[in-house]
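Subject: Structure handover

Hello,

Here is the structure I promised to pass on. My notes follow below it.

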Amino acid sequence: MKLRILLLLFTVVICSAGFAQSEFNKKVRDSEAFRSIAEKLGLEPGSTHTITTTYVIEEDGSLSNITASSKYPELEPEAIRIIGTLPKQKAPKTPGDNYIPHKITLPITYRVETLPQKKLRLRKETRTKKNT
């Protein structure tokens with residue numbers, strides 16, 4: 001019985017991560033808010049910071065009760081905003097097709113860009129503006 005429950009939880013966690021991981025990583029990496037907060041806080045370039053987020057997958061697949069915690073509380077609202085942009089998830093159900101409320105913990109790791117990375121990003125942004 002314990003193995004069955006553990007397997008069900010493992011399956012639910014795997015299914016709930018049905019969004020494209022690379023797309024999510026891009027949202028975090030390209031977040032202007034994270035960049036400006038990191039500058040205001042004076043975070044060291046190249047350092048990594050983890051924001052632990054939690055949310056509940058509702059029966060219709062929407063997300064609710066989104067929370068975040070971090071060493072730097074200033075990063076939390078942006079993490080909550082990014083989690084809120086995730087597409088609807090597959091609602092966890094029992095084998096009898098009954099909905100199970102499921103709390104997901106998703107750590108977001110943000111890496112402060114280094115000076116060479118910043119120069120490269122600004123060059124790309126300048127080129128993009130010239131082409132439009």
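**Overview**

The protein chain exposes about 9,000 Å², and carbon and sulfur atoms supply 58% of that area. Accessible areas come from the Shrake-Rupley method with a 1.4 Å probe, and for residues only the protein chains shown count as cover.

This is a predicted model: local features need pLDDT of at least 70, side-chain atom pairs count only at pLDDT 80 or more, and totals for chains, interfaces and linings use all residues. Residues are numbered from 1 along each chain as its sequence is written, and side-chain values use heavy atoms, with hydrogens and water left out.

**Fold**

The protein chain has five helices and three strands. Helices (H or I, at least four residues) and strands (E, at least two) are DSSP runs, numbered from the N terminus. Along the sequence, the pattern reads α-α-α-β-β-α-β-α.

The protein chain has 132 residues, and 32% of them count as buried. Buried means under 20% relative accessible area, exposed means over 50%, and partly exposed lies in between (1.4 Å probe, protein chains only).

Now the contacts (heavy atoms within 4.5 Å). Take those in the protein chain with a separation of 6 or more: residues 24 or more positions apart account for 71% of them.

**Salt bridges**

Side chains of opposite charge can pair when their charged atoms come close. The structure holds four salt bridges. The term means a side-chain nitrogen of Lys or Arg within 4 Å of a carboxyl oxygen of Asp or Glu.

Start with R35. Its side chain meets that of E32 in a salt bridge, at 2.7 Å from N to O. R35 and E32 are three residues apart in helix α3, so about one helical turn separates them. R35 is buried, because its relative accessible area is 7%.

R35 also forms a salt bridge with E113, with the closest N and O atoms 4.0 Å apart. This pair links distant parts of the chain. E113 is in the loop between β3 (102-111) and α5 (115-131), R35 is in helix α3, and they are 78 residues apart. Both E113 and R35 are buried. Together, E32, R35 and E113 are linked in a network of salt bridges.

Next, the side chains of K118 and E39 meet in a salt bridge, at 3.4 Å from N to O. K118 lies in helix α5 and E39 in helix α3, so the pair ties together parts that are 79 residues apart in sequence. K118 is partly exposed, with a relative accessible area of 28%. E39 counts as exposed, at 54%.

**Positive patch**

R29, K119, R123, K124 and R127 form a positive surface patch. Patches are made of residues with over 30% relative accessible area and no salt bridge, with like charges joined within 9 Å. Lys and Arg count as positive. The place of a charge is taken as NZ of Lys or CZ of Arg.

Helix α5 gives the largest share of the positive patch, four residues. R123 has its place in helix α5. R123 counts as partly exposed, because its relative accessibility is 48%.

S47 sits in the loop between α3 (32-41) and β1 (48-57). S47 is buried, with a relative accessible area of 17%. Leaving aside residues up to four places away in sequence, S47 touches Y110, R111 and V112.

Best wishes

Conventions
Patch = residues over 30% accessible without salt bridge, like charges linked within 9 Å, V, L, I, M, F, W, Y side chains within 5 Å.
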